[in-house]
Amino acid sequence: MRKLLPLIGTLSGSHPGGRSALTCRYRCGDACFHEVPNTSSNEYAGDVIAGALSRRSVMRAAAVVTVAGAGTAAGVVGAPGARAAGGGPAVSGSPAYGAGGAKGKVKGARGLRFAPVPPNTADAVTVPEGYRHHVVIRWGEPILRGAPAFDPERQSPEAQAGQFGYNCDFLALLPLPGERGRQLLVASHEYTDEILMFRGYDPDRPTREQVEIAWAAHGLSAVVVEEDRRTGKTGRTGKLTPVPRHPLNRRVTATTEFELTGPVAGSELVRTSADPSGTKVLGTLNNCSGGITPWGTTLHGEENFNQYFANGSRDTDKRYGIGSGATERKWERFDQRFDLAREPNEVHRFGYVVEFDPYDPASTPRKHTALGRFKHEAATVRLTHDGRPVVYSGDDERFDYFYKFVSSKRMRHGTSRRVREHNLTLLDEGTLYVARLSGDSPAIEVDGSGRLPADGEFDGSGEWIPLATATAGGAVSHVEGMTAEEVFVFTRLAGDKVGATKMDRPEDVEPNPATGKVYVALTNNSSRGTGANPKADEANPRNANKHGHVLELTERWNRPESTRFAWSLFLVAGDPEDPATYFAGFPKDAVSPISCPDNLAFDDHGNLWISTDGSALGSHDGLFGVATSGPRRGELRQFLTVPVGAETCGPVVQDRRVLVAVQHPGEVDGATVENPASTWPDGPGHIVRPAVVAVWRADGRDIGV
Ligand code: FEO
Ligand code: CA
Ligand code: CA
């Protein structure tokens with residue numbers, strides 16, 4: 001189904017959330033169009049009543065789009081160059097949403113005192129009144145010594161391997177002691193949109209050069225960025241500028257050597273003809289969101305790795321959504337490791353959490369098998385009271401699970417090589433758990449419409465079910481009928497066997513540093529309650545869930561290693577006028593509409609920031625802030641929107657700066673290099689480029705105070 005206009009496309013409802021067909025194809029390998037991979041028989045409760053959204057609520061969102069300026073309204077493919085550049089069109093304030101359009105001091109939770117950005121469809125990044133933004137770094141900008149300036153007509157694998165990669169997702173901004181005004185930016189490059197990268201791209205006949213450029217455009221980037229050091233009347237801005245050729249700048253790609261560590265390293269299941277040791281893997285694929293460890297490394301989740309592998313035939317392949325034919329990108333024609341018929345174990349070497357040490361450019365990044373193999377959306381870390389890391393991770397698939405890993409080793413403090421080496425092994429020993437949730441309301445009260453049960457909350461209790469424990473001396477399975485190695489490689493099947501709770505696409509899982517409560521973004525699941533698929537339950541209370549929800553989890557005794565927890569739904573997303581939405585009980589006439597929550601972050605005030613992927617409300621994706629405690633708990637405000645076809649990723653919220661990754665701008669079905677749907681960020685005549693954007697306050701003060 002073509003998505004002609006963002007508004008019309010979402011009303012057609014043929015793609016989950018508001019995604020374009022192009023997004024589904026290149027990012028997830030059309031995951032939502034295939035059979036639901038989880039056909040296991042875990043129990044569900046709840047009666048079904050059609051939970052479709054009213055047309056009125058969708059139209060309301062559309063009606064507030066008030067974009068001025070030629071060519072800035074919803075994108076029509078077929079009008080190349082007809083769009084405004086990233087400078088941003090005028091977007092009217094919307095009194096309908098909280099403090100929208102307010103002049104002067106805006107009331108709100110500390111950190112969220114800004115006039116909300118109204119929903120819109122501008123081909124621009126739009127930010128609140130009184131805020132400024134600029135592009136920090138774009139796809140293709142040179143970061144390594146010798147890399148050429150970006151030229152879309154003269155791309156090469158060698159050039160791309162020294163340039164910032166495509167489709168930035170997770171972002172980390174790390175301190176750089178000893179270098180005043182500088183920070184170290186780490187980015188994941190989730191996937192490539194070949195049709196938007198190469199002029200004349202033929203999906204049936206990709207060239208070796210195009211494929212090798214795509215390999216080099218995947219992976220990670222580390223790049224030092226410099227703050228604007230202007231002082232005086234203009235004040236400090238939030239601008240960040242890349243420092244090319246800095247010795248810490250680095251690219252990791254689909255061909256960089258990785259070490260496979262933990263219980264699966266060396267196993268028969270991961271040995272290949274190129275690596276009989278089963279410990280050396282080339283590359284990382286589909287790195288989505290991630291996390292920062294307290295010992296100064298970054299974690300990156302390998303998400304939709306299935307789509308890169310052709311000719312799957314085993315039941316285990318099917319459970320991971322690996323297709324039985326050729327792949328979209330046809331990489332198997334150029335490297336046989338992507339062909340399961342020839343190299344069946346290569347696919348067992350992807351789908352892990354990757355650890356990257358950005359402070360050691362010579363280090364070999366690792367894949368930690370003890371955290372299990374699934375479509376890791378992210379990996380976020382907190383410490384137990386005795387200093388052991390706990391890592392949360394969601395498996396982004398309809399009806400799949402979320403997990404946590406509790407290490408048995410304590411983090412050491414210090415910067416010596418010995419200490420760093422020790423800390424790099426923390427995620428190799430410990431226990432992997434999967435979540436099972438129970439509701440506390442009678443199943444009959446959860447009718448699939450989103451109507452709250454009589455106790456006024458979707459809530460209940462849960463347990464972390466152990467799957468396997470990895471130790472220095474070996475690994476022990478806690479799942480009947482599966483060895484520990486099988487649990488770590490076929491983790492989804494282990495979750496099936498122990499009766500984990502089938503969720504509506506678990507995305508980011510983020511602990512609140514201020515309270516210890518853990519937030520799980522469940523982005524959407526339009527298959528919930530359809531056909532033979534599981535029906536709504538208290539933790540996933542809407543059938544045909546187009547807009548998603550956010551779950552709040554409290555570990556027992558507030559200890560990260562607890563095996564029991566309480567949970568409640570913090571947000572049930574959608575248009576606030578839709579009765580099937582819930583904003584932690586906050587008055588719904590004072591919140592922004594939100595759909596498809598994805599990446600999460602916290603600011604220093606304890607507010608949760610949520611970026612969205614595929615808004616099904618007819619407006620563009622964005623970034624939102626919401627208070628999690630106090631009288632304003634649930635007051636949600638939109639902070640920015642992103643251009644046509646883009647998703648908002650990687651939010652980083654610092655005191656004076658917000659950073660987002662604008663991923664896959666222009667990714668609208670039918671768009672090509674010659675016929676773009678977006679010309680962001682450089683305007684007509686320029687190729688659309690994923691990029692990182694910084695936002696700050698024009699008056700130089702802190703964000704939202
Ligand atoms: Fe890469 Fe689940 O988003
Ligand atoms: Ca309840
Ligand atoms: Ca994501």
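Mentor: In this predicted model, the count of salt bridges comes to 46, and a few of them can be followed residue by residue. Arg138 pairs with Asp682, their closest N and O atoms being 2.8 Å apart, and this pair links distant parts of the chain, since Arg138 belongs to strand E1 (residues 131–138) whereas Asp682 sits in the loop between strand E31 (658–663) and strand E32 (691–697), 544 residues apart. Arg138 counts as buried because its relative accessibility is 19%, under the 20% limit, while Asp682, with a relative accessible area of 27%, is partly exposed.

Another salt bridge is formed by Glu268 and Arg271, with 3.8 Å between the closest N and O atoms. Here Glu268 is exposed, at a relative accessible area of 58%, and Arg271 is partly exposed at 36%.

In the salt bridge between Asp317 and Arg314, the N to O distance is 3.1 Å. Asp317 is buried, with a relative accessible area of 2%, whereas Arg314 is partly exposed at 28%. Beyond such pairs, there is also a network in which Arg319, Lys375, Asp395, Glu397, Asp400, Arg492 and Asp496 are joined by salt bridges that share partners. As a general point, side chains of opposite charge can pair when their charged atoms come close.

Definitions and conventions
Residues numbered from 1 in each chain as written. Chains lettered and ligands numbered in written order. Predicted model: local features only at pLDDT ≥ 70, side-chain atom pairs only at ≥ 80, totals over all residues. Heavy atoms only, no water. Salt bridge = Lys/Arg side-chain N within 4 Å of Asp/Glu carboxyl O. Helix = DSSP H or I, 4+ residues; strand = E, 2+ residues; numbered from the N terminus. Buried < 20%, exposed > 50% of the residue type's maximum accessible area, 1.4 Å probe, protein only.
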